[in-house]
Amino acid sequence: MTEPVRAALGRAIGFLEASQRPNGELPIYAFAGNDPSRASLDPSIFPSALAAFSLSFWPPARPLRERICDFLIAQMDADGLWRHWPSAHPSYRSLPADLDDTSCACAALAAGALPGPDNRALLLANREAGGLFCTWFVPRMRWSGARHMAATWRRVAHLPTLIAFFRQTSASPGDVDAVVNANALFCLGAFPGDAAVVDHLVAVLREDRERTCDKWYDNPFAIWYFLARALAGRSEEGEALLAAKLAVATSNTPLDEALSLCAATALGLGPDGEAAFRLLRLQQPDGSWPAVALYHGGRTRLGDGGFAPVHRDTPHWGSEALTTAFAVEALARFLQMGER
C-alpha cells in the first residue's frame, strides 16, 4: 500500500496548501448545533496547533507546517500563553489564556524543532491542590508562584469581561478536564508530581468515563487520541486499556478513522492495513477528508461530576483541513510503522 498512501498524502498536502490562509493558519469552522451545513468561518488557535503537530510526521509537509508555526508564534502573548481565538478575533479579549491551546501550541513548535516560550514553570504552577492541571489561567486565591500570580492577576484589570465570560459560558474558573491534562502531560513530559495526572487519565479509561471526563470533548475517539499521546511509554495499564478499546471500537466518521489509526500507531500497534485502506477510501477528489467536529463549546457540569447534555445551539468546531491534517498523521505514521 506504500504507493497509494504516498499518493494520497501528496493530494492531501496539496489541498492544505491551497486552503492555508495568508497568515499561516488553517481554516476552521464553527458549526451551529453540530450541523456542518450551518457553518461559519471562526479563526482559532487550537486547530492550527493540532494540525502543525500532525503534519510533523510527513517531511514533505514541512513548508506548510512552518507557516502554521509562524502563525502560532505571532499569536503568543507576552507570558508565553495562548487563547482559543487569535488576536484579531472580535472575542479575543473576552476569554483568558488556557492550558489546552498553550500545551498544543508548544507541542507543535517542539515537533518542528522550533524554539518555544520559556513557560514550563508557568504551566506547572497552573495546578490545583491535588496535582491536576486547571484549564484556565486565571487568578487563584492562593500562592501559585510569582510568575503565575503576575500573569493571571493582570486579568483583574479586565475583571468585568472575565466575570462575564464565566457567567455567559459553560466555563468555570476551577475547570479540571481530562483531555487538557493529557495535553499538558504530553507537552511537558516528566515532572515532579506527574503520577497524579497519569493516574487520573488511566482511571478515566478503567472506569469507561470517556464521554464524561472532559467538558469540551465527548467523542471517545478524540479522547483516545489525546490520551494515547500522553500515556504511550508512561503507563502499561493505560496502554493496554487503550489498545483493548481501539480493537473493538466502530468508527462512524472519517475523523474517527484518522484518530483511531493515529492512537493505535502512537501506542506502537500495527501497521493496520485495513484501517489505512478504509481511510484512503474516504478521501475526497480534492485531496481532503470531510469536515467533522472535534470539540464543542462545553457542557454544564452537574453535582455528581457528570455533565448536562450539550445544548442544541452549542457551537462545534471542525473543518476539512483539520480532518485532513489528522488523516496525514495517521497515514504517515502507518508508513513509518511499516518501515520498521
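Predicted model: local features only at pLDDT ≥ 70, side-chain atom pairs only at ≥ 80, totals over all residues.
Hi everyone. Residues are numbered from 1 along each chain as its sequence is written, and side-chain values use heavy atoms, with hydrogens and water left out.

Let's start with the core. A nonpolar core here is a set of buried Ala, Val, Leu, Ile, Met, Phe, Trp, Tyr and Cys residues joined through side-chain atoms within 4.5 Å; buried means under 20% relative accessible area, exposed over 50%, and partly exposed in between, with a 1.4 Å probe and protein chains only. The largest such core has 109 residues, and Leu201, Tyr217, Leu294, Phe326 and Leu331 have the most contacts inside it. Which helix gives the largest share of this core? That is α14, residues 320–339, with eleven residues. Helices, by the way, are DSSP runs of H or I with at least four residues, and strands are runs of E with at least two, numbered from the N terminus.

Not counting residues up to four places away in sequence, Tyr217 touches Phe46, Asp100, Val179, Ala222, Ile223, Phe226, Leu294, Tyr295, His296 and Arg299, where contact means heavy atoms within 4.5 Å.

Now to the helix pairs. Two packed helices are described by the angle between their axes and the distance between the axes. Our axes are lines fitted to C-alpha atoms, for helices over the stretch in contact, and angles run from 0 to 180 degrees between N-to-C directions.

Take α2, residues 45–55, against α14: their axes come within 8 Å and cross at roughly 20°. That makes the two roughly parallel, since angles under 35 degrees count as such, over 145 as roughly antiparallel, 65 to 115 as roughly perpendicular and the rest as oblique. On the α2 side the contact includes Pro47, Leu50 and Phe53, and on the α14 side Phe326, Glu329 and Arg333 are among the partners. By class, the residues of this contact are nine nonpolar, one polar and two charged; Ala, Val, Leu, Ile, Met, Phe, Trp, Tyr, Cys and Pro count as nonpolar, Asp, Glu, Lys and Arg as charged, and the others, Gly among them, as polar.

Next, α12 and α14: the axes come within 8 Å and cross at roughly 35°. Twelve nonpolar, two polar and two charged residues make up this contact. Cys262, Thr265 and Ala266 are among the α12 residues in it, and Arg333 is one of those from α14.

Is Arg333 buried or exposed? Arg333 is buried, at 13% relative accessible area. Apart from neighbours within four places in sequence, Arg333 is in contact with Phe53, Phe57, Cys262, Thr265 and Ala266.

The last pair is α10 (residues 220–231) with α12 (residues 254–266), whose axes come within 9 Å and cross at roughly 25°. So α10 is roughly parallel to α12. Trp224 and Tyr225 are among the α10 residues meeting α12, where the partners include Leu259 and Cys262.

Finally, Leu114 sits in the loop between α4 (99–111) and α5 (120–124). With 27% relative accessibility, Leu114 is partly exposed. Beyond its neighbours within four places in sequence, Leu114 is in contact with Cys69 and Leu109.
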